[in-house]
Amino acid sequence: MKYRIWYSTESFADYIIAKTNLWNKNVVKKKMYESDANNSKNFHSLPDHIKQILYLDAPDLIVELDTEPIFSIEISQEAGTGHNAFQRFARLAASVENDVPAFYIYPEAAIITRLKTPPKWDKINPLVFKAMEDVMTIYKIPALLYYFPSDFRTHPNALTSPNIRNKGLKYDKNRNFAGSPDSTHSEMVLMFEAINEIISVVEKSGVIEGRGKLLGKRILSTRKALMQNEYVTKGGNENMSPLSATVKIRTEYLLNHLSQYENKSYEIGELLRSREETIIYKVDATFRGDPYPGALAAIDYLRCREGKTFEERKYNLVMCWGNLELDEEEKTFTIHSDKSTVHDFVNAVQSSEEKNLLKKDYNDIPSCEIPRYYMQVRYGSMFSKVKHIRVFSYFADAILFPDGALWRDA
Amino acid sequence: MERRITEEQVTKAILIWLEANDWKIICFDFPGSGTGVPLHPNERLRNTKNKGAFIPDIVAIKNGIVIFFENKTRFVLSDFIKVQNLRNNNDYSNSIQTFLEEFEYSKILYGVGLAHSNTTENKTNNHLEKIGFAVFYHNIGVIKIHFSPIGLFD
């Protein structure tokens with residue numbers, strides 16, 4: 001049995017290998033490249049099954065057994081208030097949507113120092129537990145959160161935290177694992193046990209059959225239950241960010257709004273019409289990426305999804321860049337914003353497209369670029385657009401701007 | 001094909017070497033580590049929130065001397081100019097002072113940590129006036145002092 005560890009940070013790969021049962025396996029480490037957009041030189045050389053996991057966004061680590069991914073890990077040191085806890089959510093979704101169990105290491109709280117106020121703990125938004133639960137419910141694949149070790153529980157007063165310089169987070173003392181969480185902390189010990197359980201199951205039952213058994217394993221189901229409990233005890237509710245930025249409307253309003261794009265020869269297609277109601281995620285900000293792609297993915301699972309694909313939604317999921325003003329009389333709405341325009345979206349797409357090879361003549365393509373050219377022939381610009389464009393266009397049934405819109409017909 | 005040295009490997013080897021020589025690590029950063037501490041320019045120089053912030057690759061202290069490292073896998077002139085600006089200007093003095101407020105120190109030195117090659121060594125020698133010190137990462141994590149005019153690492 002041959003394991004491959006795909007990593008973005010080698011320290012963290014070494015850490016996971018050393019601290020789990022991977023240490024005595026036949027293991028090869030390989031550098032992972034996030035996307036064709038940010039690493040055009042190397043991305044095309046990744047195996048296809050790894051590319052599929054990276055399609056939405058890249059986790060920090062993917063472990064595969066005999067070319068089948070068996071789990072991924074995403075790690076964050078950020079304070080998880082508001083939208084921030086969801087910043088990496090699209091990475092988890094990408095993993096689980098490919099039937100690959102996902103681990104999320106995230107601080108329960110991190111110390112934030114702001115001008116003119118004393119340092120304080122910024123706590124995780126508990127809604128992330130609900131979003132992960134909903135992903136697990138749909139895919140029957142583990143998506144488990146473990147806290148990045150911190151002084152939060154032992155030093156509630158941030159000023160007394162011995163690790164205040166590191167936002168109160170506790171790192172492993174071994175410099176070969178620099179930047180990795182303290183491996184002696186109970187949260188990490190529990191995560192190592194869960195990883196070992198996955199290794200044991202897939203070695204015994206095979207990767208494909210083993211995946212279906214994982215949530216029944218006591219170590220993993222106990223964690224799932226703990227996450228449900230954390231959601232409740234931390235006061236989680238569905239009025240929290242990013243759900244607080246959503247509104248549910250009759251789809252009729254959306255269709256009336258989009259009717260401005262219809263004419264004699266074109267009518268909005270059946271997908272949007274097939275759902276009676278629509279969830280609109282309102283973002284009154286300059287058009288950009290983080291934290292919005294992850295938040296959009298989370299809203300899908302928290303509010304819309306009923307099945308494994310975007311076609312299986314109870315409600316349309318629409319992203320609106322601006323303030324939405326409902327017109328009850330005309331059953332439509334208008335959008336106002338001086339921060340974003342549809343051209344921001346289109347310019348980002350064009351900018352990615354300029355780096356692509358498909359318009360080149362054969363004689364203008366150097367040998368080393370031919371595999372990338374051939375990848376783009378097969379997949380078009382699927383991996384070549386910037387992350388937020390990929391994620392928005394994957395999850396949103398429509399994206400609305402004050403001066404334009406994009407939507408799916410089917 | 002021989003595997004290329006990464007900035008992560010350079011930084012980790014220097015961390016281990018510094019600690020073996022009794023330096024206390026104050027902070028470090030390498031691509032993907034998430035551990036970096038951004039230092040912001042003084043208020044009068046700020047145009048936007050993060051404009052001009054820099055993240056030192058290593059900050060360490062020993063005997064009242066603080067050292068800031070800029071690490072790379074090869075010679076990069078812009079990094080040497082960055083180090084030169086840090087040495088000659090006080091653009092980040094407020095942020096650095098706050099960052100180091102719990103430490104007693106009399107001197108701050110700015111230098112580089114680079115993966116060694118003959119090209120890097122030659123180019124470094126042509127720009128020594130810009131930096132306070134230089135150490136090189138040789139094969140399998142061995143760190144050698146290349147330039148240390150005040151016997152910093154003796």
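Q: Where in chain B does B:Leu100 lie?

A: Helices (H or I, at least four residues) and strands (E, at least two) are DSSP runs, numbered from the N terminus. B:Leu100 is found in the loop that joins helix 3 (93-99) to strand 4 (107-115) of chain B. This is a predicted model, in which local features need pLDDT of at least 70 and side-chain atom pairs count only at pLDDT 80 or more, while totals for chains, interfaces and linings use all residues. Residues are numbered from 1 along each chain as its sequence is written, and chains are lettered from A and ligands numbered from 1 in the order in which they are written.

Q: What confidence values belong to the model and to chain B?

A: pLDDT is the predictor's confidence in each residue, from 0 to 100. Chain B has a mean pLDDT of 90, with 94% of its residues at 70 or more. The model scores are ipTM 0.82 and pTM 0.89.

Q: Why does B:Leu100 count as partly exposed, and which residues does B:Leu100 touch?

A: A residue is buried if 20 or more other C-beta atoms lie within 10 Å of its own, exposed if 12 or fewer, and partly exposed in between, with C-beta atoms placed from the backbone. B:Leu100 counts as partly exposed because it has 15 C-beta neighbours inside 10 Å. Two residues are in contact if their C-beta atoms, again placed from the backbone, lie within 7 Å. Not counting residues up to four places away in sequence, B:Leu100 touches B:Val66 and B:Tyr105. B:Leu100 and B:Ile26 are 8.7 Å apart in space, C-alpha to C-alpha, and 74 residues apart in sequence.

Q: How many residues of helix 1 of chain A are buried, and what do they pack against?

A: Helix 1 (residues 10-19) of chain A has seven of its 10 residues buried, and is thus mostly covered. Among them are A:Phe12, A:Tyr15 and A:Ile16. The buried residues pack against strand 1 (2-7), strand 2, strand 3, strand 4 and helix 5 (186-205) of chain A, together with helix 1 of chain B.

Q: How many residues does each chain give to the contact between chains A and B?

A: Chain B gives 12 residues and chain A gives 11 residues. On the side of chain B, helix 1 (7-20) and strand 1 (24-28) each give two or more residues. Helix 1 of chain B supplies the largest share, five residues.

Q: In what order do the strands of the six-stranded sheet of chain A run, and which strands stand at the edges?

A: Two strands pair if DSSP finds at least two bridges between them. The open sheet of chain A has the order 2-1-3-4-5-8, with mixed pairing. Strand 2 (26-31) and strand 8 (143-148) of chain A stand at the edges; each has a single partner strand, so one side of each is left without a neighbour in the sheet. Strand 3 (residues 61-65) and strand 4 (residues 68-75) of chain A pair in the antiparallel sense over five bridges. Here A:Leu65 stands opposite A:Glu68 in strand 4 of chain A.

Q: Which domains does chain A have, and how far apart are their centres?

A: Domain bounds come from an automatic or database domain assignment. For chain A, that assignment gives domain 1 (2-233) and domain 2 (243-343 + 388-407). Their C-alpha centres lie 30 Å apart. The contact takes 18 residues from domain 1 of chain A and 16 residues from domain 2 of chain A.
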